[in-house]
Amino acid sequence: MATKITPKKSNSKPQTKKSQGFMAKMRRIVLKIILWFIGLSLFFVVFFKFVPVPFTPLMLIRAIENKAAGKPVYFNHDWEPLENISVNLQKAVIASEDGLFLKHHGFDFKAMQKAYKNNERGRRIKGGSTISQQTAKNVFLWQGRSYVRKALEAYFTVLIELIWGKERIMEVYLNSIEMGNGVYGAQAAAEHWYRKDAANLTPRQAAGIAAILPNPRKFTATSSSSYINRRKDKIVRVMRTVGKIEY
């Protein structure tokens with residue numbers, strides 16, 4: 001007599017059409033978000049290749065911080081074309097912030113590796129970010145050290161290197177970075193610290209502005225501490241080795 005074998009029922013339920021439809025819908029939403037992000041980011045990068053950057057996220061954050069602390073909301077930002085900014089300041093920030101700016105394609109991997117190793121040992125040194133990376137962060141992103149922000153910083157760095165080029169990156173950088181408490185850009189900094197136009201900065205004055213960039217709300221370009229004066233001396237020496245700037 002033949003024995004009838006009954007197949008065992010599986011404990012796992014097959015995926016329903018409803019759940020399949022939900023997952024497909026979520027994939028479409030994620031894809032749309034990614035495409036919108038890429039489209040908008042490309043639009044703004046191309047837009048700011050030709051149009052002055054009116055303000056940055058950091059400017060807004062500083063205003064909110066001062067307002068919350070009950071401090072005056074001071075804001076000084078004057079855009080100037082690169083030809084109206086002293087070449088001394090251009091050399092000073094290259095000497096201070098990114099010696100390979102004219103040679104790399106947005107990233108200085110040796111500097112990044114050195115910064116990482118020294119940070120692992122607990123040493124306090126400047127970060128490995130290039131002028132291109134700093135510009136991408138200042139114009140398009142927020143402050144912070146998360147992996148998400150660093151990934152977005154790398155993405156925007158590649159875009160501005162490809163679309164803007166070195167000259168525009170330097171122009172935007174010198175017009176957007178924080179150079180004092182509530183002071184943004186070369187022209188505002190030159191007026192604030194030296195009562196002159198950015199076009200007329202001497203090598204020593206340019207070095208003074210570049211020397212405070214690691215913490216422009218703590219340090220001062222004039223009546224400086226011995227630490228900043230030593231930084232000025234070093235920057236002036238390195239400026240002599242930069243040579244002619246050709247973008």
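**View 1. F44 and F48 are separated by about one helical turn, being four residues apart in helix α1.** Helices are DSSP runs of H or I with at least four residues, numbered from the N terminus. This is a predicted model, in which local features need pLDDT of at least 70, side-chain atom pairs count only at pLDDT 80 or more, and totals for chains, interfaces and linings use all residues. Residues are numbered from 1 along each chain as its sequence is written, and side-chain values use heavy atoms, without hydrogens and water. A search of the whole structure finds twelve aromatic pairs (Phe, Tyr or six-membered Trp rings with centres within 6.5 Å; stacked under 30 degrees between planes, edge-to-face over 60, the rest tilted). F44 and F48 form a stacked pair, 6.3 Å centre to centre with 25° between the planes. F48 is buried at 11% relative accessible area, whereas F44 is partly exposed at 36% (buried, under 20%; exposed, over 50%; partly exposed, in between; 1.4 Å probe, protein chains only).

**View 2. The rings of F219 and Y227 form a tilted pair.** Their centres lie 5.6 Å apart, with the planes at 45°. F219 is buried at 16% relative accessibility; Y227 is partly exposed at 39%.

**View 3. N66 lies in helix α2 (residues 57–68).** N66 is buried, with a relative accessible area of 10%. Beyond its neighbours within four places in sequence, N66 is in contact (heavy atoms within 4.5 Å) with K71, P72, V73 and N181.

**View 4. D98 occupies the loop between α3 (87–97) and α4 (109–120).** Leaving aside neighbours within four places in sequence, D98 is in contact with V93, H104, T130 and I131.

Conventions:
Helices (H or I, at least four residues) and strands (E, at least two) are DSSP runs, numbered from the N terminus.
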